[in-house]
Amino acid sequence: MITLLVALPFLFSFLLSITTYFDIGRIYRKTIFLTGIFAPIPLFLLKIENLPIGTVLGGWTRISGIEVAIDQVGFFFLLATFIVFPLVAIYSLSYFEGEEEGKVSNESKFFLMLLLYGSLVATFMTRDLFNFTVFLEIASLAAIILVGSSDTEGAKLASFRYLMLYLLSSFFFIFSVGIIYVKTGYLNFHLIEQTLVMDTELKVAIVIAFVALIMKAGIFPLHFWLPDAHSKADTPVSALLSGLSVKAPVFGMLLFLRYTSIEFLTGPLMIISFFSIFFGIFMAVFQTNAKKLLAYHTVSQMGIILLAISVLDIYAAAHYVFAHALFKSGLFLAVGPLISSEGSRNLNKLTYRGRGSLIGAIIILSLAIGGISPLIGAFGKHEISMRLNGLSLYLLYATSIGTLLSFSKLNFELFKSSGNGSERIDQRIEKMVVFFIALLTISFGIYYYPKFKPIDVLFIGIALGILTILKLLHVLEWDVPRFYRRDVDGLTKQINFYTMAFVLLNILLIIFVLKIYQL
Amino acid sequence: MIESITGGYLNAPITGVILILIGLYGLMIKRDLIHQVICINIISPGVVLYFTGLGYVSGAEAPLFPNTEVVDPIPATLMLTTLVIDVAVTSFALALIIKIEEIQFGGDED
């Protein structure tokens with residue numbers, strides 16, 4: 001029964017794809033799209049009463065069958081998908097209505113969005129290494145084509161870079177799946193767990209798999225594809241990519257954390273996660289492009305999720321994934337109406353003055369991403385902080401301050417500039433969706449973590465203080481230097497360099513593992 | 001010469017790994033989009049060869065009749081999926097290159 005959660009979106013995406021050969025009205029296509037999005041939700045709501053549930057397809061045994069399951073961890077991933085996707089679908093109907101039809105028709109984008117939806121749901125339910133790989137590939141491919149279908153300048157280059165790096169990491173992931181299959185004899189995680197003997201080969205395989213997943217999740221130092229791909233896509237697509245698509249590799253990491261042993265890797269993962277957090281914040285603070293600022297915050301926030309994995313807290317990771325999916329998609333959707341009415345992504349031109357609900361929503365979502373209680377971000381962050389002590393705990397506090405600093409800057413710029421674009425009349429649905437997401441971040445936050453921590457006020461104060469100092473010193477006007485030109489030549493050099501970085505991280509971690517083993 | 005490196009023992013998985021390394025080398029130094037797509041397409045059969053080679057049992061039959069000793073069918077079936085995805089992805093990458101060149105060079109020259 002739970003397989004219908006996956007089958008329905010795929011069925012409707014197929015139906016939508018064949019409608020391009022028939023001359024039927026747009027309204028029918030939109031109906032098919034919305035049916036595909038909403039059809040699995042009642043089923044999901046029926047099933048969440050008695051978790052965990054699972055089944056092996058076709059009544060086979062685990063050894064020869066394909067297992068799918070929903071448990072307390074997958075639940076949060078699925079809940080995020082089933083909340084964010086329908087809201088983005090409603091938003092995108094209104095958004096694409098107002099935009100001029102580009103070279104790629106909106107129906108093809110809807111078809112790809114359904115494909116992304118189905119494969120994400122499947123990824124979050126799988127218990128099998130190979131199905132995980134296949135659905136991750138479908139999800140990434142749909143995402144890549146969606147990025148490439150945008151008419152924004154540079155979207156094609158971003159899509160190509162994403163494609164090459166995704167393929168590279170995919171092949172390495174499959175390579176590591178091969179090693180795991182040889183060592184354990186199975187691809188099902190339950191069976192792998194039963195026959196698991198952690199030796200050097202298996203450790204190396206897990207290292208290669210993790211580096212590939214870090215690349216796919218856009219975590220520093222393998223984040224290169226993310227900021228461009230997420231900022232150049234159409235706004236609803238950006239929300240899906242930053243909110244949901246990058247969570248699929250995280251689910252893979254959690255499967256490894258649960259069914260195999262990754263204790264030997266926690267040290268390097270924690271170092272990588274803190275680098276990712278602070279690099280993301282550092283780059284975000286200097287951005288003048290609103291969507292790129294949000295994209296760099298995805299790099300930073302994915303670092304926090306990796307931090308939860310490095311302290312081996314599977315539930316904290318799942319909770320923070322849920323939180324991040326809500327507020328990051330909300331933030332992308334919130335800047336969408338501002339961008340379309342000004343016709344620019346530059347923060348100096350965008351403004352939210354005179355748009356009551358949007359001001360409220362953006363401020364609430366900014367506080368949520370900063371981890372202010374009782375909003376949704378505080379819950380996962382609190383769980384992570386329970387596992388940390390000493391320097392790492394203070395670094396986590398610094399994360400909150402840095403994120404708040406960057407979002408104070410965003411809010412300040414949005415408030416400062418007056419803007420000259422006219423407000424489009426048909427932005428009502430967009431605003432309602434954004435406001436609804438903001439309300440959800442409050443209500444889920446209060447439901448899961450109904451406390452108020454006074455220290456959060458101090459964090460906001462420090463962030464505002466630092467922003468004032470930086471503004472007075474004119475530090476924020478500094479341009480981050482570009483190392484590569486924005487053309488084909490620059491693109492090829494980038495791919496050369498990024499492949500080297502990928503191989504280098506693999507080699508470094510493998511050397512680390514081998515050395516630990518000999519000691 | 002290859003035999004001297006591998007000690008006279010060159011099987012499918014090792015060949016696969018060598019192909020992966022060749023592809024990686026190309027991806028690190030080639031300054032042309034088409035070349036880079038080809039390099040990815042060298043890594044891909046490397047992975048397929050490596051994976052299929054894992055299931056190989058010397059002297060065994062194709063897994064059609066369960067009574068005889070057979071090679072492991074799972075790697076081969078899984079690699080079929082990878083190959084299919086690969087074909088589609090390559091065509092998409094090439095289409096994307098055409099679009100990129102069109103944007104950069106105007107697209108009127110042939």
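**View 1. The largest nonpolar core of this predicted model.** The largest nonpolar core holds 225 residues, and Phe160(A) and Phe256(A) have the most contacts inside it. Helix H7 of chain A (residues 155-184) gives the most to this core, with 19 residues. A nonpolar core here is a set of buried Ala, Val, Leu, Ile, Met, Phe, Trp, Tyr and Cys residues joined through side-chain atoms within 4.5 Å. Buried means under 20% relative accessible area, exposed over 50%, and partly exposed in between, with a 1.4 Å probe and protein chains only. Helices (H or I, at least four residues) and strands (E, at least two) are DSSP runs, numbered from the N terminus.

The model is predicted: local features need pLDDT of at least 70, side-chain atom pairs count only at pLDDT 80 or more, and totals for chains, interfaces and linings use all residues. Residues are numbered from 1 along each chain as its sequence is written, chains are lettered from A and ligands numbered from 1 in the order in which they are written, and side-chain values use heavy atoms, with hydrogens and water left out.

**View 2. Surroundings of Phe160(A).** Neighbours within four places in sequence are left aside.

**View 3. Helices H13 and H18 of chain A.** The axes of H13 (residues 266-285) and H18 (residues 391-416) come within 9 Å and cross at roughly 20°. H13(A) is therefore roughly parallel to H18(A). Axes are lines fitted to C-alpha atoms, for helices over the stretch in contact, and angles run from 0 to 180 degrees between N-to-C directions. Angles under 35 degrees count as roughly parallel, over 145 as roughly antiparallel, 65 to 115 as roughly perpendicular and the rest as oblique. The crossing is left-handed: the near helix is turned anticlockwise from the far one by less than a right angle, whereas clockwise would be right-handed. Phe274(A), Ile277(A) and Phe278(A) are among the contact residues of H13(A); those of H18(A) include Leu395(A), Gly402(A) and Lys409(A). By class, the contact has 10 nonpolar, five polar and one charged residues. Ala, Val, Leu, Ile, Met, Phe, Trp, Tyr, Cys and Pro count as nonpolar, Asp, Glu, Lys and Arg as charged, and the others, Gly among them, as polar.

**View 4. Helices H5 and H6 of chain A.** The axes of H5 (residues 106-125) and H6 (residues 129-148) come within 8 Å and cross at roughly 155°. H5(A) and H6(A) are therefore roughly antiparallel to each other. Their crossing is left-handed. The contact includes Lys109(A), Leu112(A) and Leu116(A) of H5(A), and Phe132(A), Phe135(A) and Ala139(A) of H6(A). Its residues divide into 15 nonpolar, two polar and one charged.

**View 5. Helix H10 of chain A.** H10 (residues 225-232) is mostly covered, with eight of its eight residues buried. Among them are Trp225(A), Asp228(A), His230(A) and Lys232(A). The buried residues of H10(A) pack against H6, H7, H9 (200-217), H11 (235-245), H14 (290-310) and H15 (314-342) of chain A.

**View 6. Chain B and its helices H3 and H4.** Chain B has four helices and zero strands. Of its 110 residues, 34% count as buried. The axes of H3 (residues 33-54) and H4 (residues 73-105) of chain B come within 10 Å and cross at roughly 180°. H3(B) and H4(B) are therefore roughly antiparallel to each other. Among the residues that meet are Leu33(B), Val37(B) and Phe51(B) in H3(B), and Met79(B), Asp86(B) and Ile97(B) in H4(B). The contact divides into 15 nonpolar, four polar and two charged residues.

Terms used: Contact means heavy atoms within 4.5 Å.
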